[in-house]
Amino acid sequence: MAQLNLNTDNIPVADRYGPVPEGDYRMIVEATDIKQNKAGNGSYLEAILVVIEGEYKGRKVWSRMTITHDTSEKAVAFGKRMVGDLSLACGKRSIQDTQELHGIPIKVALKISKQAGYDPSNEVRKFHIPGPGNVPEHLQQSVEQHAVQDDPFGGPDGGFGDTDTNTWP
């Protein structure tokens, strides 16, 4: 038996189940899977992301990115854009398997989603793709092509009104 003498009165209790505050976090992709949506009319890539630094180290966020949908081309375009951004944020111009994205430190912008009937939760707002001049040379052309492609969501910043000046993680 070990003597501990612990008094929890002065120890703050962390919110282990609520969302982490909105902001940018260094994260890794821990796991990925392609799943069928509830309606059965599409599929999505589910990525489990884990915060790797700071106060929220170890916290997980689930990101679901639509990859097929029978009735919503916009959802598919947005989902594929997010998968592309995730891939580029991981330094991958192309991938054959989502496991190629696992374990690579990336910068992710999180927001808090509040939907009627559900507890608040985190949602990925953006996978930061390092800006021009801050990208490894072998990826520069891919980032430039990605930024000027036909984008129904508002241009190279994904419609969020900000540009990335981040350096490569």
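Trainee: Which residues make the nonpolar surface patch of about 330 Å²?
Mentor: Leu4, Leu6 and Ile11 make that patch in this predicted model. Patch residues have over 30% relative accessible area and no salt bridge, with nonpolar side chains joined within 5 Å and like charges within 9 Å. A salt bridge here is a Lys or Arg side-chain nitrogen within 4 Å of an Asp or Glu carboxyl oxygen. Areas are Shrake-Rupley values with a 1.4 Å probe, and for residues only the protein chains shown count as cover.

Trainee: Where does Leu6 lie?
Mentor: Leu6 is in the segment before β1 (23-36). Strands are DSSP runs of E, at least two residues, and helices are runs of H or I, at least four, numbered from the N terminus.

Trainee: Why does Leu6 count as exposed?
Mentor: Because its relative accessibility is 57%. Exposed means over 50%, buried under 20%, and partly exposed in between.

Trainee: Other topic. How many residues has the largest nonpolar core?
Mentor: It has 22 residues, and Met27, Met65, Leu86, Ile106, Leu110 and Phe127 have the most contacts inside it. Two or more residues each come from β1, β2 (42-51), β3 (60-69), α1 (73-89), β4 (106-113) and β5 (121-127). A core joins buried Ala, Val, Leu, Ile, Met, Phe, Trp, Tyr and Cys through side-chain atoms within 4.5 Å.

Trainee: And what order do the elements run in?
Mentor: From the N terminus, β-β-β-α-β-β-α.

Key
Residues are numbered from 1 along each chain as its sequence is written. This is a predicted model: local features need pLDDT of at least 70, side-chain atom pairs count only at pLDDT 80 or more; totals for chains, interfaces and linings use all residues. Side-chain values use heavy atoms; hydrogens and water are left out. Buried means under 20% relative accessible area, exposed over 50%, partly exposed in between (1.4 Å probe, protein chains only).
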